[in-house]
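Please keep the sequence and the model in view while reading.

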Amino acid sequence: MTLHPDDPPRPLFGLPRIASSAEDYQALFDAVPSRAKRHLLLHRCSLGVRAQNDLPAIAKQFAPRIGFAHLRATKREADGLTFFESNHLDGDVDMIAVLKALLTENRKRSAGDKIIFRPDHGHRMLDDLARDQTHESRATPRSAGCAG
C-alpha cells in the first residue's frame with residue numbers, strides 16, 4: 001500500500017489535508033505501524049510546493065518507507081499557493097540531494113525491493129523542449145495541483 005501526498009498540499013474548500021508534511025507522514029505511520037502498509041510515494045511536486053518542507057530531509061527520514069518516487073519539479077509563485085512545473089534542475093527543491101538520498105537507500109535494498117523512480121510526465125517534457133526551442137518565457141501553465 002502506498003500513500004500519495006495531498007495534491008495540492010494546502011486546504012481546499014476549507015477541508016484540512018492529511019499528508020502534506022513529514023509530520024503528517026510520521027503521524028500516519030505511528031497510527032498504523034504495520035510494515036505491510038509501509039510505503040509512501042515521495043512526490044517531489046506535491047511535497048515540494050510547500051516551502052516549509054525540506055524534501056532532501058524527508059527523503060532521508062523516510063527512505064526505508066519510500067516505495068515510489070515521482071520526480072517532478074516546480075517553482076512556487078510569490079503568493080505561496082500557486083506554482084508551475086519547471087525543468088528538473090530549476091525547481092525550488094534540490095533534485096540532486098533528493099536523488100542522493102533515494103539512491104543511498106536503494107543500495108541497501110534487495111533487487112526486488114528497490115524504489116521505483118518516475119521522472120516527469122512526457123507532455124511536460126515536450127512543453128519544456130518547445131519552450132526552449134521557441135524561447136517563450138513559460139510554456140507550462142500554472143497549476144492548482146501536480147496531477148497531470
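**From the core to the charged pairs**

In this predicted model, valine 98 touches Leu42, Leu55, Pro56, Ala59, Leu71 and Val93, leaving aside residues up to four places away in sequence. Valine 98 also belongs to the largest nonpolar core, which holds 19 residues; Leu42, Phe62, Val98 and Leu102 are the members that touch the most others. Two or more residues of this core come from each of helix 1 (22-31), helix 3 (55-61), strand 3 (66-70) and helix 4 (95-108). The greatest contribution is that of helix 4, with 4 residues.

The wider setting is as follows. The chain comprises 5 helices and 7 strands, arranged along the sequence in the pattern β-α-β-α-α-β-β-β-α-β-α-β. Of its 148 residues, 42% are buried. Among contacts between residues at least 6 apart in sequence, 67% join residues at least 24 apart. The accessible surface amounts to about 8000 Å², and carbon and sulfur atoms account for 58% of it.

The strands come next. Strand 3 is mostly covered, with 4 of its 5 residues buried. It pairs with strand 6 (residues 116-118) in the parallel sense, over 3 bridges; within this pairing, phenylalanine 68 has isoleucine 116 of strand 6 as its bridge partner. Strand 4 (residues 73-76) and strand 5 (residues 83-86), by contrast, run antiparallel and are joined by 4 bridges. Threonine 74 stands opposite glutamate 85 of strand 5. The hairpin formed by strand 4 and strand 5 has 6 residues between the strands, and glycine 80 takes a positive phi near 75° there.

Side chains of opposite charge can pair when their charged atoms come close. The whole structure contains 3 salt bridges. In one of them, glutamate 85 meets arginine 72 at 2.4 Å, N to O. This pair links distant parts of the chain, since glutamate 85 is in strand 5 whereas arginine 72 is in the loop between strand 3 and strand 4, 13 residues apart. Are these two partners buried or exposed? Glutamate 85 counts as buried because its relative accessibility is 7%, and arginine 72 likewise because its value is 1%; the cut-off for burial is under 20%.

Another salt bridge joins arginine 76 and aspartate 92, at 3.9 Å, N to O. Here too distant parts of the chain are linked: arginine 76 is in strand 4 and aspartate 92 in the loop between strand 5 and helix 4, 16 residues apart. Both partners are partly exposed, arginine 76 at 27% relative accessibility and aspartate 92 at 33%. A salt bridge also forms between arginine 109 and glutamate 105, whose closest N and O atoms are 3.0 Å apart. Arginine 109 is buried, with a relative accessible area of 10%, and glutamate 105 is buried at 8%.

Finally, confidence must be considered. The mean pLDDT of the chain is 75, and 70% of its residues reach 70 or more. Over residues 122-126 the pLDDT stays under 50, and the model has 6 contacts beyond four places in sequence for this stretch. Residues 135-144 also have pLDDT below 50, with 23 contacts in the model beyond near neighbours in sequence. Where pLDDT is low, the predicted coordinates should not be read in detail.

Terms used. Residues are numbered from 1 along each chain as its sequence is written. This is a predicted model: local features need pLDDT of at least 70, side-chain atom pairs count only at pLDDT 80 or more; totals for chains, interfaces and linings use all residues. Side-chain values use heavy atoms; hydrogens and water are left out. A nonpolar core is a set of buried Ala, Val, Leu, Ile, Met, Phe, Trp, Tyr and Cys residues joined through side-chain atoms within 4.5 Å. Buried means under 20% relative accessible area, exposed over 50%, partly exposed in between (1.4 Å probe, protein chains only). Contact means heavy atoms within 4.5 Å. Two strands pair if DSSP finds at least two bridges between them. pLDDT is the predictor's confidence in each residue, from 0 to 100. Accessible areas come from the Shrake-Rupley method with a 1.4 Å probe; for residues, only the protein chains shown count as cover. A salt bridge is a side-chain nitrogen of Lys or Arg within 4 Å of a carboxyl oxygen of Asp or Glu.
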